[in-house]
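Subject: Structure handover

Hello,

The sequence and structure are placed just below, and my notes on them follow. Please read the two side by side.

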Amino acid sequence: MAIVEQGFDVRRFGDRVLDLFLPPQCLACRATIDRQGALCAVCWETVDFLASPCCGVCGHPFEFDAGEGALCAACLDRRPAYGRARAVLRYAPPARDLVLGFKYGDQTYAAPAFGRWLARAGRELLAEADVLVPVPLHWTRLFQRRFNQSILIARALARESGLPMAADLLVRLRRTPPQGRLSPAARRRNVQGAFAVRSGREESVAGRKVLLIDDVMTTGATIEACAEALFEAGAAGVDVLTLARVVR
Ligand SMILES: [Zn+2]
Ligand SMILES: [Zn+2]
């Protein structure tokens, strides 16, 4: 079959089918562009992709290179529960529109692009990880939203990286109130004990290096509560990779 010899790409074929119904749009501003699942030239220029130098632990970007393994003031003051956290984008417009459109606007066709970006930004973390674990939603929220954006992102990254994804290892035990206006310490209290490793799945965590996946890292309180639950079940390490992070 001719198409097989030419290397049939299911994803590209899917994009073509999508094109029939929807002209390709920029993932952030929705301007018409020439291919599905990408940014327009203007957004590509304005989106703030995070890169080194950054804090060796939380990934907070540094203006100047402070040397390998240098830590930011917040991490020196209180070391987070996870090992290292890295993110693709700074959470500010237009990247914020990109993340919110994905989470609430059903723009799930952005997932393959996110998977590619995460694979690049998380290269070092992926090299040491055994399994990708998305941050779970409480079932009531999953019911409202119909999908967990972190699972979609983790699945796209699993395809890119070849690492297994385990969406059922962590459970969210309770629905936590919105964290919007809370201080970092109050956020940590808010989510403390909100996550656990699913009972009977501890052996899938013990001795393994977990890479937690989420859409946005704000203060890191949610991620830390997940990391604590994983360490309690015997994880050998917990790193974090998110699509975006708040930079103050
Ligand atoms: Zn755009
Ligand atoms: Zn830091």
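Leucine 142 is partly exposed, because 14 other C-beta atoms lie within 10 Å of its own. (A residue is buried if 20 or more other C-beta atoms lie within 10 Å of its own, exposed if 12 or fewer, and partly exposed in between; C-beta atoms are placed from the backbone.) Leucine 142 sits in helix α8, residues 139-145. Apart from neighbours within four places in sequence, leucine 142 is in contact with Leu137 and Asn148, where contact means that the C-beta atoms of two residues, placed from the backbone, lie within 7 Å. Leucine 98 is 44 residues away along the chain, and its C-alpha atom is 20 Å from that of leucine 142.

A word on the source. This is a predicted model, in which local features need pLDDT of at least 70 and side-chain atom pairs count only at pLDDT 80 or more, while totals for chains, interfaces and linings use all residues. Residues are numbered from 1 along each chain as its sequence is written, and chains are lettered from A and ligands numbered from 1 in the order in which they are written.

Overall picture

The protein has eleven helices and six strands. Its C-alpha trace spans about 55 × 45 × 35 Å along the principal axes. Of the contacts between residues at least 6 apart in sequence, 71% join residues at least 24 apart.

Two helix pairs

Helix α6 (residues 111-121) packs against helix α9 (residues 149-161) at an angle of about 60 degrees, with the axes 8 Å apart. Axes are lines fitted to C-alpha atoms, for helices over the stretch in contact, and angles run from 0 to 180 degrees between N-to-C directions. The angle makes α6 oblique to α9; angles under 35 degrees count as roughly parallel, over 145 as roughly antiparallel, 65 to 115 as roughly perpendicular and the rest as oblique. On the α6 side the contact involves Ala111, Pro112, Phe114, Gly115, Arg116, Leu118 and Ala119, and on the α9 side Leu152, Ile153, Ala156, Leu157, Arg159, Glu160 and Ser161. By class these are nine nonpolar, two polar and three charged residues. (Ala, Val, Leu, Ile, Met, Phe, Trp, Tyr, Cys and Pro count as nonpolar, Asp, Glu, Lys and Arg as charged, and the others, Gly among them, as polar.)

Helix α10 (residues 184-191) and helix α11 (residues 221-232) pack at about 40 degrees, with their axes 8 Å apart. That angle makes α10 oblique to α11, and their crossing is right-handed. Pro184, Arg187, Arg188, Asn190 and Val191 of α10 meet Ala221, Thr222, Glu224 and Ala225 of α11. This contact has four nonpolar, two polar and three charged residues.

Two more residues

Leucine 126, in helix α7 (residues 123-128), counts as buried because it has 21 C-beta neighbours inside 10 Å. Beyond four places in sequence, leucine 126 is in contact with Ala119, Ser161, Leu163 and Leu211. Its C-alpha atom is 9.9 Å from that of valine 240, 114 residues away along the chain.

Valine 247 lies in the segment after β6 (237-245) and is partly exposed, with 16 other C-beta atoms within 10 Å. Its contacts beyond four places in sequence are His60, Pro61 and Arg90.

Backbone points to check

Most residues other than glycine have a negative phi, and most peptide bonds are trans. Arginine 30, in the loop between α2 (10-21) and α3, has a positive phi of about 70 degrees although it is not a glycine. A cis peptide bond joins serine 52 to proline 53, with omega about 5 degrees; proline 53 is in the loop between α3 (41-46) and α4 (73-77). The bond from proline 93 to proline 94 is also cis, with omega near 0 degrees, and proline 94 belongs to the loop between β1 (85-90) and α5 (95-104).

Regards

How values were computed
Helix = DSSP H or I, 4+ residues; strand = E, 2+ residues; numbered from the N terminus. Left-handed = near helix turned anticlockwise from the far one by under 90°.
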